[in-house]
Amino acid sequence: MTKITIVMYHYVRDLKNSPYPEIKGLDVNLFNEQLRYILNYYTVIRMEDLIDAVINKKNIPNNSLLLTFDDAYKDHFDFVFPILQELNIQGSFFPPARAVQEHTVLDVNKIHFVLASVPAKEPIISDIFSMMNGYRKEFSLPSNESYHQKLEEEECRYDTKEVVFIKRMLQKELPEKLRNIIVDFLFHKYVTSDERSFSRELYLNHDQLKAMKRRGMYIGSHGFDHYWLNTLPKDRQEREVEKSLAFLKIIGCDTKNFVFCYPYGAFNDSLLSILSEKGCSLGLTTQVGIADLQKNHSLVLPRLDTNDLPKNRSAPPHQWTLQMISPNL
Ligand SMILES: [Zn+2]
């Protein structure tokens, strides 16, 4: 068999008892239900088995599935790790190295917590536009209206238009320096002015990562700065990869046959060639689909999102599951 379902998770938490119940996360009970569903239909394999299969061109078990967790949230230690241990299955975790090492909060996470702290999104949008007015000259920004029009047609699988708009503006659309300024302003205004403490609460620390590694979990690279790596020149891409590998070494990971999980799923040819040179065995994207080792480049493997599979232990096999079992359906 050469097909494998790779499932991607981000926040997994006890939403009801969390200080941010609005955060777009997977409730731990539903996570548990989904794992039971998965165990009904799939064989959960270890990352090392998949690496071995790719390097040595070996087959993997029928209905193989791999569990992956992006961004190394403390949730993963508190809620995910104990359940995986109890069920005796492996998860693969991808920490954003800089945030863990320097106790910063990723802009993408700041945006999540701003959104989770403000029920109606209009005040955030009007804050963004008024900040843009203040910085229009310095950054030679086009009119607010032109941004609005450009992004009005955005569609996304899970978010409302307002949320998509805010995320696009603050993650990609505006100049990077201005994005940082606006995101910091919003984070301080709506969430907290103590970024370091917030970071320690949000992400796994070295000791937790080491403990998870010791007990059989897999830790891979998720870059250093959590950039859209396809937008960087080759030398900066190279530094990103090297710094993330230096971080993995500290945790005690094998950096010879490492796995790279692209932040935002973003990669390009020059990044792929850097990764091959450095001995990367697998690359995980956010393209939606079932991976096929025969068809997909091993550095460009698609994944399913947790929302693509049922979160109910007694659910009948879903479309994505049927595709693994009987490819002609
Ligand atoms: Zn990420």
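Visitor: What is the place of Ser-140?

Guide: Ser-140 has its place in the loop between α6 and α7 (144-152). Helices here are DSSP runs of H or I with at least four residues, strands are runs of E with at least two, and both are numbered from the N terminus. One thing before we go on: this is a predicted model, where local features need pLDDT of at least 70 and side-chain atom pairs count only at pLDDT 80 or more, while totals for chains, interfaces and linings use all residues. Residues are numbered from 1 along each chain as its sequence is written, and side-chain values use heavy atoms, with hydrogens and water left out.

Visitor: Is Ser-140 buried or exposed?

Guide: Ser-140 counts as exposed, because its relative accessibility is 63%. The cut-offs are these: buried is under 20% relative accessible area, exposed is over 50%, and partly exposed lies in between, using a 1.4 Å probe and protein chains only.

Visitor: And how do I read phi?

Guide: Most residues other than glycine have a negative phi.

Visitor: Where is Asp-71 found?

Guide: Asp-71 is in the loop between β5 and α3. Asp-71 is buried, with a relative accessible area of 5%. It's also one of the protein donors of the zinc ion.

Visitor: Which are the protein donors of the zinc ion?

Guide: Donors are N, O and S atoms within 2.8 Å of the metal (3.2 Å for Na, K and Ca), and water is not among the atoms, so sites may look incomplete. For this zinc ion, the protein donors are Asp-71 (OD), His-222 (NE2) and His-226 (NE2), at 2.0 to 2.1 Å. Along the sequence, their spacing reads D-x150-H-x3-H.

Visitor: What does Ala-72 touch?

Guide: Contact means heavy atoms within 4.5 Å. Leaving out residues up to four places away in sequence, Ala-72 touches Phe-94, Pro-95, Pro-96, Leu-202, Tyr-203 and Leu-204. Ala-72 is found in the loop between β5 and α3, and it counts as buried at 0% relative accessibility. Phe-93 is 21 residues away from Ala-72 in sequence, yet their C-alpha atoms are 6.1 Å apart.

Visitor: What about Lys-256: buried or exposed?

Guide: Lys-256 is exposed, with a relative accessible area of 66%. You'll find Lys-256 in the loop between α12 and β8. Its contacts, apart from neighbours within four places in sequence, are Lys-278 and Gly-279.

Visitor: Now a whole helix. How many residues of helix α5 are buried?

Guide: Nine of the eleven residues in α5 (residues 107-117) are buried, so the helix is largely enclosed by the rest of the structure. Among the buried ones are Ile-111, Phe-113 and Leu-115. The cover over them includes β2 (12-13), α6 (122-135), α8 (161-173), α9 (176-190) and α10 (195-202).

Visitor: Which strands does β9 pair with?

Guide: Two strands pair if DSSP finds at least two bridges between them. Strand β9 (residues 282-288) runs parallel to β8 (residues 259-261), joined by three bridges. In that pairing, Val-259 stands opposite Leu-282. To get from β8 to β9, the chain goes through helix α13 (residues 269-277), and this β-α-β crossover is right-handed. The term means that, with the strands pointing away from the viewer, the path from the first strand over the helix to the second runs clockwise. β9 also pairs with β11 (residues 301-305), again in the parallel sense, over two bridges. There, Val-288 stands opposite Arg-303.

Visitor: What does the domain assignment of the protein chain give?

Guide: Domain bounds come from an automatic or database domain assignment. Here it gives domain 1 (3-96 + 204-325) and domain 2 (107-197). Their C-alpha centres lie 28 Å apart, and 15 residues of domain 1 are in contact with 13 of domain 2. Buried area is the accessible area (1.4 Å probe) that two parts lose on being put together, summed over both. Between these domains it is about 1300 Å², with 57% from carbon and sulfur atoms. On the domain 1 side, Tyr-11, Tyr-20 and Trp-228 lose the most area to domain 2, together 36% of what that side buries.
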